[in-house]
Amino acid sequence: MRDLLLDLIDGAAGRFPYVDARHVRRQTEELTVRNGEPAALGSHEDEGIGIRIRSGGAWAFAAARGSDRGAGEEALARAIALAEGGARAPHTPLTEEPGSRGEYSSHAQIDPFGVSLDEKLALLIPAEAALREQRGVTVGRAGTMARSEEKQFVSSEGASCRQLLTECGGGIAAIAVGRDGAQIRSYPGSHSGSVAQAGWEHVLGLELAANAPRVAAEAVALLGAPACPAGPTTLVLAGEQLGMQLHESVGHAVELDRVLGGEASYAGTSWVRAGGLGSLRYGSEQMNVTADATLVGGLGSFRWDDEGVPAQSVPIVRNGLLSGFLSSRESAAEIGLARSGGCMRAEGFARQPIVRMTNIGLDPGDAGTLEELIGATDRGVYIDTNRSWSIDSRRLHFQFTGEAAWEIVDGRLGRMLRDPVYSGVTPELWAGLDAVCSAPAWRLVSVTDCGKGEPGQLAHVSHGAAPARFRNVQLGLS
Amino acid sequence: MSPEELAQRAVAVVPGDALITATRERWAVLRFAHSRRTQLTSVDDLTLEIAALRRGHVGGASTNGARTEDLELCMARAARAAEVAADASGRGSFAGFPERAAPRPHQGHDPATAALDTARGDQALEAAFESAAAAGVEAGGIWTAGEVQRAIASPDGSLVSDSVTDAYMKVVAIGPGERSGYASAAAVSAAAIDGGALTQRAAQKATGDTDTLVLEPGEYTAVLEPHAVSELLCVLANAAFNGLVHGEGQGALSGRLGERVVSPAISLSDSPRFPGTLPRAFDAEGVAKAPLPLIQDGVAHRVVHDTRSAALAGAGTTGHALVAGGTVDGPRPTNLVLLGGGETDEASLCAGVERGIYVTRLWYTNILRPQESAFTAVTRDGTFLIEDGRVTSPVADMRITDTALGILARTRALGARPTLCADGEYYGRRFASGTVCPPLLAEGVRFTGTAGA
């Protein structure tokens with residue numbers, strides 16, 4: 001395959017300043033048990049070749065299915081036609097990068113595709129059944145997913161890398177329907193549960209069946225729980241909800257293509273300016289955020305990005321000040337950075353790489369455990385699982401809903417509250433961050449439906465965080 | 001290889017009951033920002049999907065390989081999944097794939113668009129850039145065209161096939177002070193897309209000397225352009241018309257069919273051949289598409305079903321399967337049509353408004369409570385104050401948190417001409433769809449915050 005890809009880029013390299021080619025083979029398996037019945041059992045496989053050409057200031061990309069020379073040459077011809085069509089945009093430079101070479105496989109102790117469907121269903125069916133043992137549960141769901149992606153990449157600048165990334169995960173959810181509405185509780189999270197760059201051992205470690213009775217009981221209890229009150233409060237966020245807060249108000253906001261206006265027509269722009277590097281106050285002194293593509297288990301981890309740039313750990317916010325961006329070779333060069341942040345990722349063989357999140361994490365603080373953080377909080381509300389999310393196109397004004405909340409009274413968790421909504425303005429929320437739990441409480445959570453780009457691409461990313469406390473957050477709607 | 005050929009080849013290797021779908025997609029996207037080309041994409045793919053039925057369970061598998069061994073492996077995976085499900089849980093509830101009748105012809109294919117001449121797209125971009133320069137704005141957006149051919153076959157010898165084309169262009173104009181304006185168009189034919197005209201419309205919203213106002217949250221009379229109305233209808237597509245969640249009591253129309261749920265001015269249907277829509281001949285189970293009234297004169301009539309949700313409801317499929325055998329999330333309408341009313345256009349809708357908000361489109365819409373059709377979204381790319389019957393000042397984007405049924409219940413007037421609204425996002429495989437709807441005027445729309453200041 002490598003030789004074919006090299007031949008293909010040779011076919012265009014003399015005519016254009018930069019060409020790269022990739023072959024991607026992807027396999028996905030999804031299983032869901034819904035109300036006692038395996039309801040979606042699917043196995044999907046695709047492969048193809050994608051050719052990307054730099055033409056002036058534009059990227060021309062063409063993809064064709066398969067792995068043979070004919071498919072590759074046909075894709076190359078379409079890429080060249082696109083590159084040569086229309087008025088050339090002015091040339092813009094790329095950062096200088098070494099031509100990465102090598103092979104890499106992510107760690108998977110138990111190959112998820114080597115585990116039989118029988119074994120997977122033997123785990124899911126009792127977990128889902130345990131949800132419906134709770135009186136009042138209308139819908140029970142339990143699911144797993146596995147994905148492997150094998151990618152060979154070459155470029156006209158000498159890069160030649162091959163990597164195999166394996167993901168696996170699962171989760172459960174219970175829906176209870178009452179006279180006044182439906183309530184849902186999910187475990188470990190509402191975005192496909194918990195997915196990691198790992199093998200089947202990750203699903204085994206989730207202990208889905210053991211958690212099912214609690215999840216189901218909480219879903220039913222929410223029907224009769226008091227509504228979360230409105231007004232300014234102290235908010236303790238953890239798990240998936242804190243991950244989503246990072247995702248929407250930090251991760252997307254520091255994508256350099258957005259900052260520079262390249263995504264204005266779809267994903268939007270950003271309240272963050274390129275000139276704010278090193279001086280923009282993003283949040284409090286307790287706020288330290290890192291984009292780390294080298295984290296073991298993170299869905300945003302790899303050895304090389306889709307431009308062949310090695311994975312990096314990039315400081316994004318240090319002591320509350322903006323200190324970095326998620327960048328590509330093009331966007332980094334545009335603001336005068338010497339090197340790309342290595343954040344170009346593409347979904348499958350049929351999409352061109354764009355700037356994406358890697359693993360955006362809130363660095364741990366020194367507030368101890370979650371119990372200690374709550375113990376140090378007189379009054380407030382605790383939310384850990386996300387239900388809905390919405391933020392404006394500059395990533396400034398947001399509104400989130402959790403699945404459930406718990407009131408904090410005199411340093412203890414109290415009643416469960418339904419329909420917790422909070423809203424705010426990105427730098428104001430992060431300015432209110434006054435405590436982050438310590439390293440042992442730091443966890444990765446997953447987001448498997450991060451949409452961006454035209455044509456649309458869904459990225460899998462992880463966010464790491466320990467529970468954190470935010471002061472003066474607006475609960476409820478205006 | 002055509003989808004029909006691939007589907008028929010696959011039938012030859014398929015033992016037992018199964019539905020075989022072959023889909024060929026060819027498309028191009030020309031993306032631009034700052035009034036220059038940025039990302040250009042061309043894709044050609046052919047995918048085979050097999051849904052195998054064993055003892056009431058459906059197993060699915062797909063591949064984009066076309067060798068005989070690819071087809072055999074795909075079939076083996078689908079069949080194995082269904083068999084394992086049956087072994088693990090006993091007989092399943094899926095009664096069988098529905099009968100496939102010959103679909104009616106439609107006007108959803110344009111041979112010139114199917115030729116995928118990106119020179120036409122280049123011309124649209126150049127026209128957009130010229131209009132942007134003339135208006136003093138920068139243009140961002142996409143132009144795209146594509147053809148999707150689909151064939152569905154089964155071992156009983158039945159075969160249905162369909163070919164559709166679509167074209168779409170979106171322009172977001174960025175004016176001085178970063179004000180933005182939006183315009184888009186979608187059609188079966190790329191010839192219907194005028195990049196220059198779209199850019200002029202978008203630029204009008206992004207320019208002008210008037211300062212941008214920040215309004216207090218509260219209930220306002222609102223005039224919603226068709227793209228904003230389309231977002232409301234998409235909320236209902238998921239929260240109200242999904243036959244699976246409806247049957248489980250989670251839907252916004254659960255227990256309410258036959259009741260007046262919105263204004264008598266509202267008549268909404270799923271109409272796959274309505275003028276201006278993006279037609280399709282059949283659903284993912286090969287069931288011929290047919291018009292389905294959902295709300296008539298404000299009264300809720302129907303929800304949509306695939307085979308699986310229909311069986312749970314004791315009803316028949318309405319031809320709304322998104323995947324053969326159904327998805328865990330249920331079926332959804334794909335050709336919503338909201339009939340127009342008596343007002344000429346947005347300007348005539350504004351004419352009777354003393355003070356209100358004009359909304360071009362909504363962004364980041366997310367459902368909060370499906371049973372209430374409660375959602376939140378942010379206005380974007382053209383939000384204005386309406387005073388004394390006309391649009392006056394631009395307004396900083398605002399958050400709406402309301403219910404879709406509530407807004408349609410408070411609708412007082414609709415524009416006469418429904419427009420095809422598509423989003424052009426094309427996640428996954430290309431499945432162009434859109435909503436045909438007019439602009440409308442609604443009272444008491446709940447704006448719960450500022451989102452752009």
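Predicted model: local features only at pLDDT ≥ 70, side-chain atom pairs only at ≥ 80, totals over all residues.
**A tour of selected sites in chains A and B**

Residues are numbered from 1 along each chain as its sequence is written, chains are lettered from A and ligands numbered from 1 in the order in which they are written, and side-chain values use heavy atoms, with hydrogens and water left out.

D419(A) sits in the loop between β20 (412-418) and β21 (421-425) of chain A; strands (E, at least two residues) and helices (H or I, at least four) are DSSP runs numbered from the N terminus. Its phi is positive, about 50°, although D419(A) is not a glycine.

Next, select N319(A), in the loop between β11 (313-318) and β12 (321-322) of chain A. N319(A) is not a glycine either, and has a positive phi of about 50°. N319(A) is partly exposed, at a relative accessible area of 41%.

Now go to D392(A), in the loop between β17 (386-391) and β18 (397-402) of chain A. Which residues does D392(A) touch, not counting those up to four places away in sequence? They are H397(A), W363(B), V378(B) and A451(B), where contact means heavy atoms within 4.5 Å. D392(A) is buried, with a relative accessible area of 2%. A polar atom of its side chain lies 2.7 Å from the backbone nitrogen of R394(A), and one lies 2.9 Å from the backbone nitrogen of H397(A).

For the cis peptide bonds, select Y187(A) and P188(A), joined with omega of about -10°. P188(A) is in the loop between β7 (181-187) and β8 (194-196) of chain A. Then select E454(A) and P455(A), joined by a cis peptide bond with omega of about 0°. P455(A) lies in the loop between β23 (443-452) and β24 (457-465) of chain A.

Move on to helix α6 (residues 239-251) of chain A, where 12 of the 13 residues are buried. Among the buried ones are L242(A), M244(A) and L246(A).

Finally, show helix α3 (residues 117-132) of chain A with helix α2 (residues 68-89) of chain B; their axes come within 10 Å and cross at roughly 45°. The axes are lines fitted to C-alpha atoms over the stretch in contact, with angles from 0 to 180 degrees between N-to-C directions. From α3(A), the contact is made by L117(A), D118(A), L121(A) and I125(A).

Notes. Buried < 20%, exposed > 50% of the residue type's maximum accessible area, 1.4 Å probe, protein only. Polar contact = N/O pair within 3.5 Å; in protein donor to acceptor, adjacent residues only side chain to side chain.
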